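Open the structure in your viewer and keep the sequence beside it. Each stop on this tour tells you what to select and what is there.

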Amino acid sequence: DLGDFEAWADLCDSLVNDGRGGTFARARCDMVIDTERSGFALAQEIAFASWARLYWAGNKIKVWLDAAATPAFLFSAGNVRECKIGYLGRRQRPNATEVSFANEEVNYDQDIVSRFDEAAILTAGQPVSKETVEGTGVTRPGQAARLAVSRLNHARLETKRVELVSGPESAHLLPGDVAYVHTSALGVGAS
């Protein structure tokens with residue numbers, strides 16, 4: 001879907017703080033492909049490192065952007081047949097992230113940028129639970145750092161998993177769409 005890819009390009013081109021008093025484009029892909037591999041798998045890795053996810057919708061490749069969005073639907077007792085909400089405990093979520101990338105500042109040698117959820121580790125005394133991600137196409141330390149912070153924010157903020165069954169009124173939703181879930185109306189807890 002060309003419109004999705006244009007929106008992704010616009011997100012990548014938006015200027016963000018570079019961590020050094022200036023700005024740069026949010027995401028840039030610099031890489032040499034010197035091994036044989038699945039093109040779609042490589043595209044998914046590049047998307048992951050630049051705030052997007054790719055998926056198939058029918059015969060089109062769609063792009064979900066990891067960006068603020070307006071909720072597209074409300075799930076409530078009127079349109080949900082089954083609902084399960086599970087808590088994602090701190091042990092299931094990392095509080096430290098390492099991003100491995102080819103650093104342009106040191107002749108494209110492999111480098112690692114690490115970020116920690118200091119509040120969880122130092123204040124709350126949680127043990128370090130680390131995840132390591134590959135920054136495919138990432139060559140700037142600032143972009144690697146932003147990716148690490150983004151992963152930590154997801155881990156810190158995504159505390160529940162909702163599984164539900166709804167009717168045809170929600171058939172228009174796509175992966176990544178934002179929706180409200182009115183859980184108290186479903187009798188499964190606070191919303």
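Predicted model: local features only at pLDDT ≥ 70, side-chain atom pairs only at ≥ 80, totals over all residues.

**Stop 1: helix H1**

H1 has 12 residues and reaches 16 Å from its first C-alpha to its last, close to the 16 Å expected at 1.5 Å a residue. Now colour Asp4, Trp8, Leu11 and Cys12, the buried residues of H1. Turn the view until you look down the axis of H1: the buried residues fall within an arc of 100°, so they line one face of the helix. On the other side of H1 you will find Leu2, Asp10 and Asp13, which are exposed.

What do the buried residues of H1 pack against? Show strand S2 (23-25), helix H2 (39-48), strand S3 and strand S4 (60-65), and you have the elements they pack against.

**Stop 2: a pair of rings in H1**

Stay in H1 and show the side chains of Phe5 and Trp8. A search of the whole structure finds 3 aromatic pairs. In one of them, the ring centres of Phe5 and Trp8 are 5.9 Å apart and the planes are at 50°, so the pair is tilted. Phe5 and Trp8 are 3 residues apart in helix H1, and about one helical turn therefore separates them. Is each of the two buried or partly exposed? Phe5 has a relative accessible area of 31% and is partly exposed, while Trp8 is at 12% relative accessibility and counts as buried.

For another pair, select Phe73 and Phe75. Their ring centres lie 4.8 Å apart with the planes at 70°, so this pair is edge-to-face. Phe73 counts as buried at 14% relative accessibility, and Phe75 counts as buried at 9%.

**Stop 3**

Centre the view on Ala144. Apart from its neighbours within four places in sequence, Ala144 is in contact with Val99, Phe101, Val113 and Val138.

**Stop 3: Gln143**

Step to Gln143, which also lies in helix H4. Gln143 is buried, with a relative accessible area of 1%. Its side chain makes a polar contact of 2.8 Å with the side chain of Arg140. Leaving aside neighbours within four places in sequence, the residues in contact with Gln143 are Phe24, Arg26, Ala27, Arg28, Ala49, Trp51 and Val138.

**Stop 4: Thr139**

Finally, select Thr139 in the loop between strand S9 (130-134) and H4. Thr139 counts as buried, at 2% relative accessibility. Which side chains are joined to that of Thr139 by polar contacts? Draw a distance from Thr139 to Arg28, where the polar contact between side chains is 3.4 Å. Then draw another to Asp30, where it is 3.0 Å. Beyond four places in sequence, Thr139 is in contact with several residues, including Phe101, Ala102, Asn103, Glu104 and Tyr108.

Terms used
Residues numbered from 1 in each chain as written. Heavy atoms only, no water. Contact = heavy atoms within 4.5 Å. Helix = DSSP H or I, 4+ residues; strand = E, 2+ residues; numbered from the N terminus. Buried < 20%, exposed > 50% of the residue type's maximum accessible area, 1.4 Å probe, protein only. Polar contact = N/O pair within 3.5 Å; in protein donor to acceptor, adjacent residues only side chain to side chain. Expected span 1.5 Å × (residues − 1). Arc of directions from axis to C-beta. Phe/Tyr/Trp six-rings, centres within 6.5 Å; stacked < 30°, edge-to-face > 60°.
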